[in-house]
Amino acid sequence: MSSNQLKNQHLWWRAGFGPPADQVSKLLKEKPESLFHSILKASEKKPELFDVADLEMRALVMENIEMTPGKRPDLKPEEKQMIRKQSVLDIAKLNIRWLEEMTGSHAQLLEKMSLFWHGHFAAKTINILYDQALLNVIRENALGNFKDLLLNVSKTASMIQFLNNNQNKKGHPNENFARELMELFTIGRGHYTETDVKESARAFTGWGTTFQGEFNFRPRQHDDGIKTFFGKTGNLSGEDIIEILLGQKQTAVFITKKIYRFFVHETVDEEIVQLLAAKFFDSGYDIRSLMTSIFTSSWFYDPKNIGSQIKSPVLWMVGIRRQLPMELQNPAVQLVLERLLGQVLFAPPNVAGWPGGKHWIDSSSLMLRMQIPQIIYRSDAILSKPKDDDDVMMGMRDQALAKNIKKLKNPGMELFQAKILWDDYIKNFDRDADTELYDSIRSLLLQKVTPVNENGMIKFIDETSRQARIESITIRLMGTPEYQLC
Amino acid sequence: MGINRRKFLQLGSLATGTMMLPKFLKAFEGKANFLQGNKVLVVLQLSGGNDGLNTVIPVRNDIYYRARPGLGIAKDKTLALNSEAGLHPSLTHLKELYDEGNLAILNNVGYPNPDRSHFRSMDIWQTASNSEEYVNSGWLGRYLDAQCADCSKPTQVLEMDDMLSLALSGDQMKGLALRDPKRLYETSQDPFYKDLLQAGLHEQAEDPVSYLYKVMSETVSSADYIFQQSKMRPVTTVYPNSEIGKNLKTIASLISSDINTRVYYVSLGSFDTHVGQQEKQEKLFNDLNEAIKPFTDDLKSNHRFEDVLMMSFSEFGRRVGENGSGGTDHGTANNMFLISGGLKNKGLLNEMPDLSNLTDGDLNQQLDFKRVYATVLKKWLQADDYKILGRQYDYLNFI
C-alpha cells in the first residue's frame, strides 16, 4: 500500500515536472484526486504565448514578401546571415524560456502535455519564427482536442518545411508528410498501405507556407483529381485525409498507447489502453478528459507504476529545480546539459522524436547525472564537452555566429553558477527531529523504494549543523541512481 | 534483499574483497584473452561532411576544375596516387601508407535517397539504416549485443569522447565513452559510488533500477580496468597535442595492452566547410596527418599493424560545384579510407567519381556503406553481420 505522499508525488512527477518545494506539507494530507483537480484547474487558463524573436530580425522577415508563391524573397547574403544567426540565438532563448515555464508555471499538466506533443510532432528547423509558432500551436491545444491540434500542427511552417510539403506538387508529389502523418502522427505502422501514402500525398499537394510562416494553400499546385483513401473516393483535400484518419478507431488506440507509455508505464497494459482509447474516440478526441481518466484511475497509482520510469533529461533537470529552488546565474548551462544528456528541445533526433526510457542512459549520461547535484552545490564547472551540432553551426565555426553563441553562454558556459534557496527548502523539515531527517528527505526525493545504503550514506552526511545535515543528505540522494526514476 | 542492516555490516567487516563484489565486477577478474592476432577496428568519423573531392582529387577531370575554379587543387600540388587521382597535399603520411600498400580507398560510398541534414545523415551512417528508416540503436552497439550477450564488458567497444555516439549504443548493451582513462577512473572511483554499489546488491531488483545499477557498476569496474590497462605499456612515442593526437595516443596504448577492446571510435571535425574551406580542411588534415604518423609507427613497432584496421567515413560528401563563399555545400557520396598492415587489396579499390553523371549537381553513390560495414563485421571482427545489420550485403575483398 503506497502512502498518500508517494501517490501525490507520483502524480506531480507524471502530470507535471515534480512536486514543488513549497507544498511539501500538503503532499502528506491531500487526496490524489483533489490534487489532480487543482493541477488540472491550474492548466485550464489559455497559456501565455512565447515570443522571444528579435524584433529587428522579425521586421526584416515581415517586410520581405515573396513575389511568386513558394519562391523565397531575394535577400542579401548579409540579411540571410543575420536571420540565420539571430534564429540560432533566439531558439536558445526559447529553449530557456520554456524551461522556466516548466519550472515555475502552475500549469504543470499543460506544459508536461506540451512536452509530450513536442516529441510526438517532432520537427527541427533552424528558424525561430517557425519553431516558436509550432510550440505555440502545441501549447494552445495541448489539452484541447486532438483534431484541432493535428490540423493546426499540419499547417505550421515548421512541419511543412521539415517534412518537405513545400515540395509536394501536382504531378511531382513528395510523400514525406503523408507518410509520417500516418506512421507517426495518427494510426501507426501496419495500418495503411503504400497506396494510401501515394493517394494522400496527392491530397496534400499545394499545402505550403509563406516565408513568414503563414499557411498558404496554392491551388495551382494542388492535384484536384479523384483520389481513393481508406475506401473513400473523391476529390479529397488534405483536410479530408485528416478527417478520415481521425475516423479510424486505430488512431485513438495509437495515440492513447503512446500517452500511456509516456505518462504511466513503458509496458502497455492492453486492456486499459483499449478502454481508454474507446472513450477517447467517443469523446471526439478530447485530450483533457483522457488525461483525467488516467490520473484519477486507481491503476495509475498501482505500485508497479510508481518509480518505474527513467526521467527524461528535461524532466530530471526541471525536477531538480522544482524540488530545490535555485537562482541560475547562467541559465544557458541548461543547454549544455540538454546536449550532454541527449534531449535538446527543438532538436529531436528525427521525426520519430526521442525514444526515451533506457535510451536516456549510458555510462556517460548516468555518471554525469549523478555528479550534477554536487556540481550545482559547489557551483562547479561541467567538465564534459558536448558534441558539435553541425546543423546549427552551419560551418560557421570561429566566425561571427560561433562568437555570438559563445557570448550568449558566457561567462563560462559550462559553469553551474546557482544559488540554491535553502531556506525555503529547509522549512519543509521543521517538524522533523535530526534522526528523522534522512527518512523524510528520502521519502520526498525518491520514488523508488530500494535499499539505498543508509549506512554507506552516513559517512557522507555532514553533521556539523542541522542545515548542513539537510543539505548533504539532499545532495547525496539526488546523486543516486534511484533519483533518476519517477 | 533479506539481509538486514546489522547483518550486512557484519558480513561487510568479515568478508574480504572478492566475496562482496557484485557479479558484474567479478567478470573482470578472469584473464583477458584478446592478445596478439585479434583484430581491432578503429573507426574515424570525419564529422560535418568532409569534402571527398578535395581529399582524393580527380586530377585529370576537367569537370572538376571547371566546377571549382577557386577551390580545385592543381594536379601538381596533389600527392599523386596514379594518373587519375592525387591526395590532398596535407596528407603526406597517408601517401606514405599508400606507397607501402597499407592504404586502400573506396570511392562513391553512400546510400540511396541521401539526406542532407548532418544529424539525420549521421544517424543513418551510425545506425546503418536505410534513408527512410528510424533505428534507435547503432551498428557497433548491436555488434556489442551480438558478441557480448552474456559478458559484462562494454569495454569491447570504446569511444574517445565525453558523450557516447548512437553508433555504439545497442539494444541491450552500450559501449563506453571516455576522453582520458585517468580522468574516467578518478571520477568513477568516488567512494560514494562504491558504497552505493556495495549496499545496493540490486541484481534481483526490478527494472529499470537494476539497469541503472548495472550501468553504474559496469562503469566503475570498466573505468578501473581501462585505467589499469592503459598503464600497462604506456606509449612513449611523441604525439601532437591536438585532440586527435591525444585520442590516437590513448588508443595506441590500449591496443598494446591486454584489454579486450575490439572497436575504438574517434571523431575529428568539423568538416562543414561552407565558408573558407581551403584553410579549414587543411588544418584538420594536418592534425590528422600528424597524428596518424606516430599511431601507425607505434602499431608497426608493436607488431600490431596487421591486426588493426582504421576506417574513416563522413556523413556525406559535398557538392561538386563550389559555392560563392569559398566553400562547398552538403552533398552525397564520398570516399572512405582503410588503413591497415593487413589489407588484401590496396590502393584505389574502385572507380573515381563519374562527374559527368550527376543528380542535381551531386554524385551518385555506387557503393552502399552497409556493404563496407558487413565486410568489416564478417571478415575482420568475425561477427554475424546479418544479425547486426538485419540484411545480407555482398562482401568486399579488401580484407
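Modeller: Of the 399 residues of chain B, 54% count as buried; a residue is called buried if 20 or more other C-beta atoms lie within 10 Å of its own, exposed if 12 or fewer, and partly exposed in between, with C-beta atoms placed from the backbone. This is a predicted model, in which local features need pLDDT of at least 70 and side-chain atom pairs count only at pLDDT 80 or more, while totals for chains, interfaces and linings use all residues. Residues are numbered from 1 along each chain as its sequence is written, and chains are lettered from A and ligands numbered from 1 in the order in which they are written.

The secondary structure of chain B comes to 14 helices and 12 strands. Helices (H or I, at least four residues) and strands (E, at least two) are DSSP runs, numbered from the N terminus. Among contacts in chain B between residues at least 6 apart in sequence, 72% join residues at least 24 apart; two residues are in contact if their C-beta atoms, placed from the backbone, lie within 7 Å.

Two strands are said to pair if DSSP finds at least two bridges between them. Strand 1 of chain B pairs in the parallel sense with strand 8 of chain B (residues 263-268) over six bridges. Within that pairing, Leu46(B) has Leu268(B) in strand 8 of chain B as its bridge partner. Strand 1 of chain B also runs parallel to strand 9 of chain B, and six bridges join the two. Here the bridge partner of Val42(B) is Met310(B) in strand 9 of chain B.

The loop between helix 12 (277-301) and strand 9 of chain B contains Asp307(B). Asp307(B) counts as partly exposed because it has 19 C-beta neighbours inside 10 Å. Asp307(B) and Leu41(B) are 266 residues apart in sequence, yet their C-alpha atoms are 8.5 Å apart in space.

Strand 10 of chain B covers residues 334-340 and is mostly covered, with seven of its seven residues buried. Asn334(B), Met336(B), Leu338(B) and Ser340(B) point one way from strand 10 of chain B, whereas Asn335(B), Phe337(B) and Ile339(B) point the other way, and all are buried.

Strand 10 of chain B has a further pairing, with strand 5 of chain B (residues 103-110), in the antiparallel sense over five bridges. In this pairing, Ala104(B) is placed opposite Leu338(B) of strand 10 of chain B.
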